[in-house]
Amino acid sequence: MNTNAIITVKNLTKKFDDFVAVDTISFDVNQGEIFAFLGPNGAGKTTTIKILTTLLHPTSGTVRINGFDPEHQKGDVRKSFGIVFQDPSLDDELTAWENLELHGVLYAVPKQLRRERMKQLLEIVGLMDRKDDFVKKFSGGMRRRLEIARGLLHHPKILFLDEPTIGLDPQTRNHLWSYVEDLNKKEGITVFLTTHYMEEANKVADRIAVIDHGHIVAVGSSAELLEQTRTQTLEDAFLALTGNTIRDEAATSVDQLRVFARGWQKRR
Amino acid sequence: MGTIYILWLRQLKRYVRSRSRIIGSLGQPLLFLVALGFGLGPIYEKAGGGNYLQFLTPGVISMGVLFTAMFSGMEIIWDRQFGFLKETLVAPVPRWHIMLGRTVGGATVATAQGLIIFAMALIAGFRPESVVMLPFALGIIFLVALLFTALGTAVASVLQDFQGFQLIMNLLVMPLFFLSGAFFPLGDLPFVMAAITRINPLSYGVDALRGTLVMNSSHFGLGLDLSVLSIAMVLCLLLGTYLFSRIEA
């Protein structure tokens, strides 16, 4: 096995009643890399993140986060990561400062260190002068920045970003990604992000896993994906992949039949 | 400890900052005190029951505590809806710490609300008969607050959204309140009513509070009151902890 992996997922499946949201997916994320889950809406990206972050129980399969099992070593897993959720998760009735303070206490960051980092992070995300304002007065971009600051407060080994740029203007988006890339380089934080914006995955991610209908259909750098699909842009590659011309290596023949049948139905 | 404290503090801050909520939730008890206290007072006295305001006040305080406690517990639905709940669910702390911090915080808020109603009753003319018993009264208010905040937490842990809220109000909170002896003496009730009031934990809260604020007015006796309240409180706390720890996002 890959000894450098900080996230290992093997044959992970999640069913909601009859609906299979995630279907026997396997992948590794290496320590220190930026890894992107790229897929259309409803592909199973958020479900996977919820399982990795102890918020959902998997139906079957094994997961290791920083060497720990999210099913049985929840505490250790939770200490290992920071997360920016797809939808907001701040307390509107508290100030920016209080939101960070609450997080720091939950993650048992010692008081002095906590205060130091809170100031630092607020400076970095450009919210220092608004620290005593209630979050309910913040714009969408400001909230996102605050959530990112919060996700980093306890110096996690892994940062999960679930569609972090949804609803953000290009300026904020750029600012956010350069900050994340910086963190990744300087602090060696592993970043696991999901997005359905091709150009974002292309720009920031070292490796991309394309996920569709609960299956991983391809993994590789954007160059590798282009080569695999013989396309010029990642968008074409994405369409080629999610149009199911390429099979996941691990797919069984039954899967291939199913994929073929689906592709055929679509064409009709 | 840090987790419990910071979540307790959060509940308090949210309470102190929402002035409209404080004032709004005082309107109802005030209405009951004035309308029932002064409206039914003369006829209650003629029937030989004594001063109705003295009888009614512990009931109205309990009502305020019940409502605030249930709402505080059910704030989980709000937190789920606005997303903050997830932030606490992925934190590397035992779920029961989170549940306990929220519950003790909600209970503190409900107790504060009870004290404000107590102050309003004093203005309306209510007079506690023994100063020595006042700290006990405070303890009972907190016990009742804790019991119903935990119950609210338990209920909210299994509700996904606001849809079920009205149901809980009309089928749980209102019956708890109206069938507790907050307004009427528990002696000489028809059999069915007597049975219902006996299985309602709030009856024992009202009775205990009445027993400490007004001499010789306890129906069940303080010993039974406190036993039932304590047991119900522990059960609700356990149930709330269990259901809260099972929440998936």
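# Walking through a two-chain predicted model

Reply: There are 10 helices and 9 strands in chain A, where helices (H or I, at least four residues) and strands (E, at least two) are DSSP runs numbered from the N terminus. This is a predicted model, in which local features need pLDDT of at least 70 and side-chain atom pairs count only at pLDDT 80 or more, while totals for chains, interfaces and linings use all residues. Residues are numbered from 1 along each chain as its sequence is written, and chains are lettered from A and ligands numbered from 1 in the order in which they are written.

Me: ok, what scores does the model get?
Reply: The model has an ipTM of 0.88 and a pTM of 0.86. For chain B the average pLDDT is 92, and 100% of the residues score at least 70; pLDDT is the predictor's confidence in each residue, from 0 to 100.

Me: how many residues of chain B are in contact with chain A?
Reply: In chain B, 20 residues are in contact with 24 residues of chain A, where contact means that the C-beta atoms of two residues, placed from the backbone, lie within 7 Å. Helix 1 (2-17) and helix 5 (84-89) of chain B each supply at least two residues of the side that touches chain A, and the largest share, 7 residues, comes from helix 1 of chain B.

Me: and what kinds of residues are on that side of chain B?
Reply: They divide into 9 nonpolar, 4 polar and 7 charged. Here Ala, Val, Leu, Ile, Met, Phe, Trp, Tyr, Cys and Pro count as nonpolar, Asp, Glu, Lys and Arg as charged, and the others, Gly among them, as polar.

Me: switching to chain A, what is the strand order in the open sheet of 3 strands?
Reply: The order is 2-1-4, with antiparallel pairing, and two strands pair if DSSP finds at least two bridges between them. Strand 2 (19-30) and strand 4 (60-65) of chain A stand at the edges with a single partner strand each, so one side of each is left without a neighbour in the sheet. From one strand to the next, the twist averages 15°.

Me: how many bridges pair strand 1 with strand 2 of chain A?
Reply: Strand 1 (residues 5-16) of chain A pairs with strand 2 of chain A over 8 bridges, in the antiparallel sense, and A:Ile7 stands opposite A:Val29 in strand 2 of chain A. Helix 1 (residues 45-52) of chain A lies across strand 1, strand 2 and strand 4 of chain A, and runs at about 115° to strand 1 of chain A; axes are lines fitted to C-alpha atoms, for helices over the stretch in contact, and angles run from 0 to 180 degrees between N-to-C directions.

Me: what about strand 7 of chain A, how many of its residues are buried?
Reply: Strand 7 (residues 190-195) of chain A has 6 of its 6 residues buried. A residue is buried if 20 or more other C-beta atoms lie within 10 Å of its own, exposed if 12 or fewer, and partly exposed in between, with C-beta atoms placed from the backbone.

Me: which of them point which way?
Reply: A:Thr190, A:Phe192 and A:Thr194 point one way from strand 7 of chain A, while A:Val191, A:Leu193 and A:Thr195 point the other way. In a regular strand the side chains alternate between the two faces of the sheet.

Me: which residue stands opposite A:Phe192 in strand 7 of chain A?
Reply: That is A:Phe35, and strand 3 (residues 34-38) of chain A pairs with strand 7 of chain A in the parallel sense over 5 bridges. Strand 6 (residues 158-162) of chain A also runs parallel to strand 7 of chain A, joined by 5 bridges, and A:Asp162 has A:Thr194 as its bridge partner.

Me: last one, is A:Thr54 buried or exposed?
Reply: A:Thr54 counts as buried because it has 24 C-beta neighbours inside 10 Å. This residue lies in the loop between helix 1 and strand 4 of chain A, and it has a positive phi of about 70° although it is not a glycine. Most residues other than glycine have a negative phi, and most peptide bonds are trans.
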